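Here's a quick tour of one protein model, made for someone new to reading structures. Have a look at the picture first, then work through the points below.

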Amino acid sequence: MKLAWAVEIAGTGASVPEQVVTNEDFARRLDTSDEWIVQRTGIRERRIVGPNESTLRLATEAGRGALASAGVTPDQIDLIICATITPEHILPATSCELQHALGCHPVVPAFDLQAACSGFIYGVITAAQYVITGMAHNVLVVGVECLTRITDMEDRSTAVLFGDGAGAAIVRASRDPQRSLLAGRLGTDGSRAMLIWVPAGGSREPASARTVAERLHYMRMRGREVYKFAVTKMEEIIAGTVADAGLTVDDLALVVPHQSNLRIINSACRRLGVPQEKVVINIERYGNTSAASVPVALHEAWEEGRIKPGDYVLLVAIGGGLTWATALLRV
Ligand SMILES: CC(C)(COP(=O)(O)OP(=O)(O)OC[C@H]1O[C@@H](n2cnc3c(N)ncnc32)[C@H](O)[C@@H]1OP(=O)(O)O)[C@@H](O)C(=O)NCCC(=O)NCCS
């Protein structure tokens with residue numbers, strides 16, 4: 001996809017739970033170690049929701065932040081897209097609850113989008129279509145997860161990987177044609193759907209005392225296979241998106257990747273020749289927060305002054321589905 005109209009990310013926000021869980025905390029009760037986790041993933045600690053926190057609360061805080069930074073009031077929002085695999089409830093969509101929580105007009109369309117770790121970028125590209133066609137002017141896109149609510153904390157192969165958080169952005173028509181989303185790619189390979197999945201709790205196998213006893217309501221992942229796919233796909237879609245926009249990888253000022261595994265990010269970026277200082281990394285503090293990962297990293301990069309006017313910034317993610325997504329912005 002190459003856009004003919006100027007669409008921008010006008011502001012961002014983020015929210016993470018207060019509670020920090022370190023690798024040492026896991027090592028005290030599981031057969032794992034700080035050394036294994038850091039070496040294999042880059043993660044040192046993650047944020048975990050407490051009993052009074054949930055997806056809606058994190059999404060609301062991140063949404064408020066994005067509204068404030070874009071200078072947009074809740075009544076100016078005319079579409080809400082919430083990307084999550086851990087909604088507040090199975091029904092209604094978290095985006096509906098979010099509309100009310102933020103004080104947006106009680107007529108504004110709102111829907112959830114399920115594309116796992118690629119969800120936020122899927123949301124941004126979807127929002128851009130609404131802006132381009134004139135169906136919406138100010139779209140709130142949120143990526144939010146409480147992944148620890150569907151993580152088996154007794155399973156060392158997944159427990160140490162995931163964390164909770166939310167990030168948000170306002171997508172709208174750009175007032176400066178130089179400042180725009182330039183290109184983006186969305187993709188899915190459903191033949192790999194069962195590499196990351198939650199066996200029970202859906203219509204195929206509804207929740208029951210048996211599924212809970214067998215821990216089938218928790219996420220399962222065939223990590224090594226996802227890893228191999230992600231390294232190759234990340235390299236391919238970064239190169240492809242940059243080419244779609246008529247640029248080269250050297251033109252990029254910053255890459256904001258999904259924080260799944262430091263080795264995946266480093267390996268793809270090394271093969272493409274993107275130097276480390278141009279890559280946003282915060283996995284050591286948050287782990288893998290799926291749909292929240294890219295918008296939290298983007299928000300932090302903006303807050304830290306790592307993004308300057310005129311920069312080419314590339315967002316990239318690969319996740320459950322398997323799905324993948326990129327968005328190349330001139331900011
Ligand atoms: C999950 C991941 C970190 C595992 O790293 P890996 O190098 O592939 O490790 P493996 O799964 O091959 O396991 C190697 C060994 O470590 C063990 N191990 C797994 N988790 C462990 C842990 N937390 N602590 C210590 N040992 C662990 C395994 O049991 C295995 O032991 P074995 O060789 O005796 O069977 C890695 O595969 C990964 O990041 N995958 C991609 C995840 C991803 O990108 N997800 C994105 C979508 S959400």
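**What to look for**

By class, the residues lining the largest cavity are five nonpolar, six polar and one charged. Keep in mind that what you're looking at is a predicted model.

**The cavity**

- The largest cavity has about 50 Å³ of space in it.
- If you want to find the largest cavity on screen, pick out its lining: Val16, Asp164, Gly165, Ala166, Gln259, Asn282, Tyr286, Gly287, Thr289, Ala292, Ser293 and Val296.
- Which elements supply at least two residues each to this lining? They're strand 7 (164-173) and helix 11 (293-303).
- Strand 7 is the top contributor to the lining of the largest cavity, giving three residues.
- Both domains take part here: domain 1 (7-177) and domain 2 (181-330) each provide at least three residues of the lining of the largest cavity.
- As a general idea, rolling a probe the size of a water molecule over the atoms shows where empty space is left.

**The ligand and its surroundings**

- Why does the ligand's shell lie between the two domains? It lies there because domain 1 (7-177) and domain 2 (181-330) both give residues to the shell around the ligand.
- There are 22 residues around the ligand, and the ones that come nearest are Thr32, Arg40, Arg156, Arg224 and Asn261.
- Sorted by class, the shell around the ligand has nine nonpolar, eight polar and five charged residues.
- Four helices each supply at least two residues of the shell around the ligand: helix 2 (34-41), helix 6 (156-159), helix 8 (223-244) and helix 9 (262-272).
- Helix 8 gives the most to the shell around the ligand, with four residues.

- In the side chain of Thr32, an N or O atom sits 2.6 Å from a nitrogen atom of the ligand.
- Gly223 uses its backbone instead: a polar backbone atom there is 3.0 Å from a nitrogen atom of the ligand.
- With Asn261, the side chain is involved again, and one of its N or O atoms is 2.7 Å from an oxygen atom of the ligand.
- How much of the ligand does the protein cover? On its own the ligand has 960 Å² of accessible area, and the protein covers 74% of it.

- Is the peptide bond from Leu91 to Pro92 cis or trans? That bond is cis, with omega near 5 degrees.
- You'll find Pro92 in the loop between strand 4 (79-83) and helix 4 (94-102).
- Another cis peptide bond runs from Gly321 to Leu322, with omega near -20 degrees.
- Leu322 sits in the loop that connects strand 12 (312-319) and strand 13 (323-330).
- Ala116 isn't a glycine, yet its phi is positive, near 50 degrees.
- To spot Ala116, go to the loop between strand 5 (110-113) and helix 5 (119-133).

Definitions and conventions: Residues are numbered from 1 along each chain as its sequence is written. This is a predicted model: local features need pLDDT of at least 70, side-chain atom pairs count only at pLDDT 80 or more; totals for chains, interfaces and linings use all residues. Side-chain values use heavy atoms; hydrogens and water are left out. On a 1 Å grid over the protein atoms alone, a cavity is a set of points where a 1.4 Å probe fits but cannot get out, and a pocket is an open set with protein on both sides within 12 Å along at least five of seven lines; lining residues have an atom within 4 Å of a point. Grid points are joined across faces, edges and corners, and a volume is the space filled by probe spheres set on the points. Ala, Val, Leu, Ile, Met, Phe, Trp, Tyr, Cys and Pro count as nonpolar, Asp, Glu, Lys and Arg as charged, and the others, Gly among them, as polar. Domain bounds come from an automatic or database domain assignment. A residue is near a molecule or strand if one of its heavy atoms lies within 4 Å of it. A polar contact is a pair of N or O atoms within 3.5 Å; within protein, one must be able to donate a hydrogen and the other to accept it, and residues adjacent in sequence count only if both atoms are side-chain atoms. Accessible areas come from the Shrake-Rupley method with a 1.4 Å probe; for residues, only the protein chains shown count as cover.
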